[in-house]
Amino acid sequence: MARPATPPAEATPARRALTPSRYRLVGRRRETDDTFTLRLTPIDQPLAAARPGQFHMLTAFGIGEAAISVSGLASPAVDHTVRAVGAVTRALCGLPIGGVVGVRGPFGTHWATEELDGSDVVVIAGGIGLAPLREAVRALIAREGGGGGRLSVVVGARAPDQLLYEEDLWRWREAGAHVRATVDSAPPGWTGAVGLVTTLLDAVPFDPARAAALVCGPEVMIRVVAAALVDRGVAASAIRVSLERNMQCGGGLCGHCQLGPLLLCRDGPVVPYGGRVARLLQERER
Amino acid sequence: MDVRPSRPPADDWAVLDPQGIDRLIGALGRRGYRTLGPVVRDGAITLAEIAGVADLPAGWRDAQDPGRYRLERTESPAFFAWAVGPHSAKAQVLPPRDRVWRASAGAGGVEIAEAGVDAPPTALVGIRPCDVAGLGVLDRVLGAAGAADPAYLRRRAQTFVVVAECGSPAATCFCTSMGTGPDARSGFDLALTELVDGGGHRFLSRSATGAGAALLRAVGGASATTIDRRSRDGVLGDAAARIRRRLDRDGLPALLERNLEHPRWDEVADRCLACGNCTMVCPTCFCTSVEDTTDLTGASQRERRWASCYEVGHSYIHGGPVRPSTRARYRQWLTHKLGTWHDQFGESGCVGCGRCVTWCPVGIDLCEEVDAIRRADGATAARPAPGGS
Ligand SMILES: Cc1cc2nc3c(=O)[nH]c(=O)nc-3n(C[C@H](O)[C@H](O)[C@H](O)COP(=O)(O)OP(=O)(O)OC[C@H]3O[C@@H](n4cnc5c(N)ncnc54)[C@H](O)[C@@H]3O)c2cc1C
Ligand code: SF4
Ligand code: FES
């Protein structure tokens, strides 16, 4: 711990971890009334490639920063699907094409789909929860030929016009995945299911003994789905869930993203259900 | 518990008289250090710039109890006859407010300029062993390999530590339970033990780094005698024996983890004001929030500031806070500090300085809260089932 009395001549870029890189908005696609997929390309040195399930901290300059999952990887371009719910996410969704977004990351754990060869995989998403799962499904489809396991995708949304990535859903179905959608309430003409995503667990094929599940959505949904999967005989350790908490830094420095023993930006957002996580989700923090 | 002070080899020791301490402070200044030490200000001993021993709080001691801090006069000429003030070393390595970057409209649309790190070489003179331990805890959180905050590392590398071992613990101190005091073990450049006895007013000094040794040589002291070293053993042994407050750490993380529904959380929530004082005075609470602002030129900047898990917004996600109740927030504080810190960083987040006990406006005492949970281990409060709220 010997320390010099004089500071080093010039500091290395001291704030790299906390300072965003500049990306340009090159494409915006409307997914629903309040949700947009934003395509960004690097202006500066590109950041390291994200893995499916990881997230970036996106800055709307002058407004603030939000944690947003990677929903598409077309290196060096990267897609994020953003639901405009507040100041930052509204500013991101409203940015004109050509505008500059600040990006930090990628942060956190990923879905580790490469470990799932041979498993029947059930992907279950609620609402915007499909965004962090989209690249995982794409990776699992690519596996389909050699992997041996079956792939099912179960999505839930408030209403049919709230479903994300309809074209992808069709494409995944054509590629052999079992795709089912359900909505909370349906207008006339909807031929899909109505009700909770758990009702569709019996409509997709998987052998609980060799199944893995990837789950993302509102926390109540995650809790109910994980419990239903365990009821059907899926091992809690084979269920991976992606959890959300307040995040101010993304890198284990700010303390906001704690869930009991976990710092979710570092130990999550993707964590195995089972053991401590199952208990933490049952306890609730209220 | 072993209350014998740790004892480094004899040849590192020197004895300084009060003028020697004055020379030490002067030498730090001449070497370019901004020198901070204990100073009486606003009725408390705070950490502020010092120029010599005349600035030190000679003739003062502190009286501390849950929810109470008072300075009192003493006849002793000692500079360090008090325990701890409200300021830990934290603010020197993690400023309460700090600019991170500034962005302005430029050719590429937006130009980002990282804020420079304001990190003058800083000497902390007379901080306590528990605060040195606190810096070590922060090192494991903010300086962890691969995940370090560069600004923290920069400021930390610029910090020179002169620790004053404790001869006058307060009633709120429990460093003996946490293994952090009253003697200093590691993490300092120089350690001083103040002795006031038949041998006069003097400071047994030892260095732990090359920089510390060089400074001690430059200041020039007498060599230490066996009597001086025995006096130190006596002072620190007495101090350890006078620390009566205990935090029972036996199986503590597991105790807390299995008692998340204990009725004591409701009882403490009835008293807790959720003011966050305990987190502000804590030497290890590291939580921060960022805030972006714009000025009239259209430029924006991001600032990072201290945050506390007692703020409702600390756990805010779209739809509302995860911990809306005071019960949930007090529980987060206590279980993080004493329990889940072990999971996250491999040790306790508490160094036993007792500040949270002293500076709590209603005198909530974490040792007592732990004892209450332990006494009724496994008790549960009647609560609505999960999902029922
Ligand atoms: C790992 C992770 C991945 C996410 N992925 C996506 C995604 O792919 N698409 C998407 O639309 N949303 C995602 N979110 C949620 C998104 O981060 C929040 O909706 C967003 O932060 C809300 O900010 P806001 O200012 O627009 O909204 P508001 O609700 O108005 O927020 C107001 C203030 O509350 C605070 N706040 C609210 N939520 C959060 C939060 N989660 N973290 C920190 N501060 C918060 C902020 O200080 C904000 O300024 C993700 C969240 C996490 C943790
Ligand atoms: S106790 Fe609270 S304020 Fe302190 S580090 Fe933990 S979460 Fe942050
Ligand atoms: S988001 Fe800051 S510690 Fe996890």
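In what follows, Ala, Val, Leu, Ile, Met, Phe, Trp, Tyr, Cys and Pro count as nonpolar, Asp, Glu, Lys and Arg as charged, and the others, Gly among them, as polar. The structure described here is a predicted model.

The ligand site comes first. By that grouping, the shell around ligand 2 divides into 6 nonpolar residues, 5 polar residues and no charged ones. Chain A contributes Q258(A) to this shell. From chain B come T279(B), C285(B), F286(B), C287(B), S308(B), C309(B), Q332(B), W333(B), H336(B) and W341(B). Because residues from chains A and B surround ligand 2, the site is shared between chains. Helix α11 of chain B, residues 326-345, gives the largest share of the shell, 4 residues.

Next come the charged side chains. Over all chains, the structure holds 52 salt bridges. One of them joins R83(A) and D34(A), with 3.2 Å from N to O. R83(A) belongs to strand β6 (residues 77-83) of chain A, while D34(A) sits in the loop between β1 (21-30) and β2 (35-42) of that chain, so the pair ties together parts that are 49 residues apart in sequence. R83(A) is partly exposed, with a relative accessible area of 29%, whereas D34(A) counts as buried at 17% relative accessibility.

In chain B, a salt bridge forms between D98(B) and R155(B), whose closest N and O atoms are 3.2 Å apart. This pair links distant parts of the chain, with D98(B) in strand β6 (residues 97-104) of chain B and R155(B) in helix α4 (residues 150-157) of chain B, 57 residues apart. Both D98(B) and R155(B) are buried.

A further salt bridge in chain B connects E291(B) with R305(B), and here the closest N and O atoms are 3.7 Å apart. E291(B) is in strand β13 (residues 288-294) of chain B and R305(B) in strand β14 (residues 300-306) of chain B, 14 residues apart. E291(B) is partly exposed at a relative accessible area of 32%, and R305(B) also counts as partly exposed, at 23%.

Salt bridges can also link up into a group. In chain A, a network of them connects R29(A), E31(A), R134(A), E135(A), R138(A), E167(A), D168(A) and R171(A).

The aromatic side chains are the last topic. A pair of aromatic rings is described by the distance of the centres and the angle of the planes. The count comes to 14 aromatic pairs over all chains. In one of them, the ring centres of F61(A) and W101(B) are 5.7 Å apart and the planes stand at 70 degrees, so the pair is edge-to-face. F61(A) lies in the loop between β3 (55-60) and β4 (64-69) of chain A and W101(B) in strand β6 of chain B, so this pair joins two chains. W101(B) is buried, with a relative accessible area of 0%.

The rings of Y33(B) and F160(B) have centres 5.4 Å apart and planes at 50 degrees, so this pair is tilted. Y33(B) is in the loop between α1 (18-30) and β2 (34-41) of chain B and F160(B) in strand β9 (residues 159-164) of chain B, so the pair ties together parts that are 127 residues apart in sequence. Y33(B) is buried at a relative accessible area of 8%, and F160(B) is buried at 2%.

One aromatic cluster is formed by F79(B), F80(B), W82(B) and F203(B). Over the face of W82(B) lies R128(B), at 4.4 Å from the ring centre. R206(B) lies over the face of W13(B), at 5.5 Å from the ring centre.

Note on methods: Residues are numbered from 1 along each chain as its sequence is written. Chains are lettered from A and ligands numbered from 1 in the order in which they are written. This is a predicted model: local features need pLDDT of at least 70, side-chain atom pairs count only at pLDDT 80 or more; totals for chains, interfaces and linings use all residues. Side-chain values use heavy atoms; hydrogens and water are left out. A residue is near a molecule or strand if one of its heavy atoms lies within 4 Å of it. A salt bridge is a side-chain nitrogen of Lys or Arg within 4 Å of a carboxyl oxygen of Asp or Glu. Buried means under 20% relative accessible area, exposed over 50%, partly exposed in between (1.4 Å probe, protein chains only). Rings of Phe, Tyr and Trp (its six-membered ring) pair if their centres lie within 6.5 Å; planes under 30 degrees apart count as stacked, over 60 as edge-to-face and the rest as tilted. A charge sits over a ring if NZ of Lys or CZ of Arg is within 6 Å of the ring centre and within 35 degrees of the ring normal.
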